[in-house]
Amino acid sequence: MRDRPRASLGRIITDLGTTVLDVAASPGDLDAEVTGVHIYDPLDELIVPPGALLLAVGVHGADDIRGLLARVPHAAGVVVKLPVDADARVRAAVLETGVAVLGLTRAASWAQVAALLRSLLAEGELAGPGEDAHGDLFSLANAVCALLDAPVTIEDRSSRVLAYSGRQEEADQGRVETVLGRQVPERYLRLLDEQGVFKRLYQSQEPIHIELDDGSPVNRAAVAVRAGDEILGSIWAAVREPLSRQRRRALADAAKIVALRLLHERAGADTQRRLRADLLSTVLAGGPDAAEAAGRLGVATARLCVLAAQLTGDPADHARGESDRQRFCDALALHVAAIHPKAAAAQAGSVAYAVLPLTPGGDEEARAVRVAESFLSRVGPRHAANIGVGRLALSLAQVARSRADADRALRVLRTRGDAGRAAGYSEAHFESLLLQVADVAAAEEQTPTGPYQRLLRHDAEHGTELAATLEAYLDAFGDVGVAAARVHVHPNTFRYRLKRLAEIGGLDLGDADARLTVQLQMRIFGHRH
């Protein structure tokens with residue numbers, strides 16, 4: 001039996017999505033555990049155990065909702081068909097009882113949502129990695145085929161076949177090619193697009209009839225699969241004549257059931273993604289639970305390098321940015337899985353982390369950097385990003401250190417302003433140390449001292465550029481000609497400035513320790529010009 005996330009009210013709403021269930025009135029957080037689903041019947045005695053989710057069939061209006069809340073003070077929530085009359089008195093009753101009021105989309109029947117909620121609560125219902133998430137869709141396709149007496153496919157927005165019924169041999173060559181390739185062939189997509197079929201399909205709430213201009217006697221009936229305003233996909237039936245009114249109604253009803261099934265599968269995938277992210281975060285953090293989490297991920301005995309990957313740039317559209325980060329993390333997960341079957345990746349904030357098991361052979365960190373560079377070269381046209389690589393972890397206790405290493409290497413790349421780069425901790429080690437010292441200096445509100453402080457003060461008071469002159473001199477290893485060219489002055493002018501800054505700052509440029517001290521202060525306090 002698999003471990004599952006606790007079935008809290010908030011988790012159920014997140015899994016189903018607000019297009020199916022939305023919060024109309026909440027007592028605060030939605031952490032109440034849901035223990036079961038019960039359907040309200042006004043003719044039966046109302047016995048609702050603690051934690052129940054009550055489907056309030058036929059309940060409308062604020063007064064009815066308030067009366068029901070008073071009778072079920074230990075329930076986790078009450079579900080009412082939209083629109084929900086959640087006035088001030090209802091919200092007050094919710095706060096008093098602690099029972100949330102949820103709104104159910106009118107597109108779903110009570111029987112459908114009851115089955116869906118019970119399946120979410122059922123132990124082991126969510127598909128695990130590698131399991132076939134579309135099994136029930138094939139059953140649905142066969143059921144629709146029986147209702148319509150026509151072979152059926154269920155497709156996503158990109159015309160990829162998610163499931164198909166039996167009897168496909170009764171259809172035409174185009175349908176056969178679609179099923180075999182699990183994708184509508186390109187020439188049929190062009191034909192449908194030229195005929196304006198997709199526009200009609202996605203604008204209509206009802207099934208449409210499509211006569212194909214390809215000489216085939218077999219045409220199509222299709223309906224869009226929706227969740228609210230979102231198009232999830234479509235159902236296509238191969239027919240020889242338009243559907244009867246009764247069968248059109250059956251196809252429309254089937255689309256609602258398929259929509260709930262697709263939302264459920266999306267919920268399962270999102271739950272598995274979150275669970276995997278939680279496990280990976282536990283491994284990366286170390287601590288007493290790391291060993292169990294690593295065992296569940298399958299990396300408990302491996303030699304690991306941690307990769308920390310982050311997209312560069314800050315998109316103005318927050319939703320688009322989050323979507324891009326998740327696609328980037330999914331791509332990283334696929335890439336490292338191709339390197340090692342037990343590799344794992346998950347998103348934490350704006351950073352995608354991966355743990356990459358490596359076989360012994362030396363230069364593990366360098367090998368991990370090459371994996372990161374290969375990934376960046378593949379996604380470069382779509383995603384500009386940097387990746388930091390941590391040192392090899394020989395045990396689970398060292399994984400947290402490898403993650404810290406990767407974070408520091410990534411920060412160095414970000415501070416440099418790089419994009420599309422991968423760096424191992426060994427390469428970025430010294431720059432990372434300087435950044436850590438700068439953090440301490442900032443936290444303790446420390447400021448420059450000695451000659452460097454005096455130069456900065458003089459520049460601020462007199463509008464001079466003595467600090468920039470000194471920086472150019474030190475960066476050029478004392479080569480006056482090179483340094484003067486960098487600041488665009490004549491070498492004689494540069495020599496005069498050197499003499500002035502030595503006098504004003506009290507700096508002996510012949511003293512190696514003095515030069516090192518002032519150069520480190522430039523790096524630590526960030527006053528580079």
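Trainee: At roughly what angle do the axes of helix α16 and helix α18 cross?

Mentor: Good place to start, and keep in mind that this is a predicted model. Helix α16 covers residues 466-475 and helix α18 covers residues 491-505. Their axes come within 10 Å, and the crossing angle is roughly 110 degrees.

Trainee: Are α16 and α18 roughly parallel or roughly perpendicular to each other?

Mentor: The crossing is left-handed. Angles from 65 to 115 degrees count as roughly perpendicular. The axes cross at roughly 110 degrees, so α16 and α18 are roughly perpendicular.

Trainee: By class, how many nonpolar residues does the contact of α16 with α18 have?

Mentor: Let's look at who takes part. Helix α16 brings Leu466, Thr469, Leu470, Ala472 and Tyr473, while α18 brings Phe494, Arg497, Leu498, Leu501 and Ile504. One residue is polar and one is charged, and the nonpolar ones number eight.

Trainee: Moving to the open sheet of five strands, which are its edge strands?

Mentor: Follow the order, which is β12-β13-β11-β14-β15 with mixed pairing. Neighbouring strands are turned by 20 degrees against each other on average, direction ignored.

Trainee: Which residue of β14 is the bridge partner of Gln310?

Mentor: Strand β11 spans residues 304-311 and strand β14 spans residues 385-389. The two pair in the antiparallel sense over five bridges. In β14, the partner of Gln310 is Asn386.

Trainee: Does Leu192 count as buried or exposed?

Mentor: Find Leu192 in helix α7, residues 186-194. The cut-off for buried is under 20% relative accessible area. Leu192 has 8% relative accessibility, so the residue counts as buried.

Trainee: Which residues does Leu192 touch, not counting residues up to four places away in sequence?

Mentor: Contact here means heavy atoms within 4.5 Å. With that cut-off, and leaving out residues up to four places away in sequence, the residues touched by Leu192 are Val197, Phe198, Ile210, Leu212 and Trp236.

Trainee: What distance separates the C-alpha atoms of Leu192 and Glu211?

Mentor: Along the chain, Leu192 and Glu211 are 19 residues apart.

How values were computed: Residues numbered from 1 in each chain as written. Predicted model: local features only at pLDDT ≥ 70, side-chain atom pairs only at ≥ 80, totals over all residues. Heavy atoms only, no water. Axes fitted to C-alpha atoms, helices over the stretch in contact; angles between N-to-C directions. Helix = DSSP H or I, 4+ residues; strand = E, 2+ residues; numbered from the N terminus. Parallel < 35°, antiparallel > 145°, perpendicular 65-115°, else oblique. Left-handed = near helix turned anticlockwise from the far one by under 90°. Nonpolar A, V, L, I, M, F, W, Y, C, P; charged D, E, K, R; others polar. Pairing = 2+ DSSP bridges. Buried < 20%, exposed > 50% of the residue type's maximum accessible area, 1.4 Å probe, protein only.
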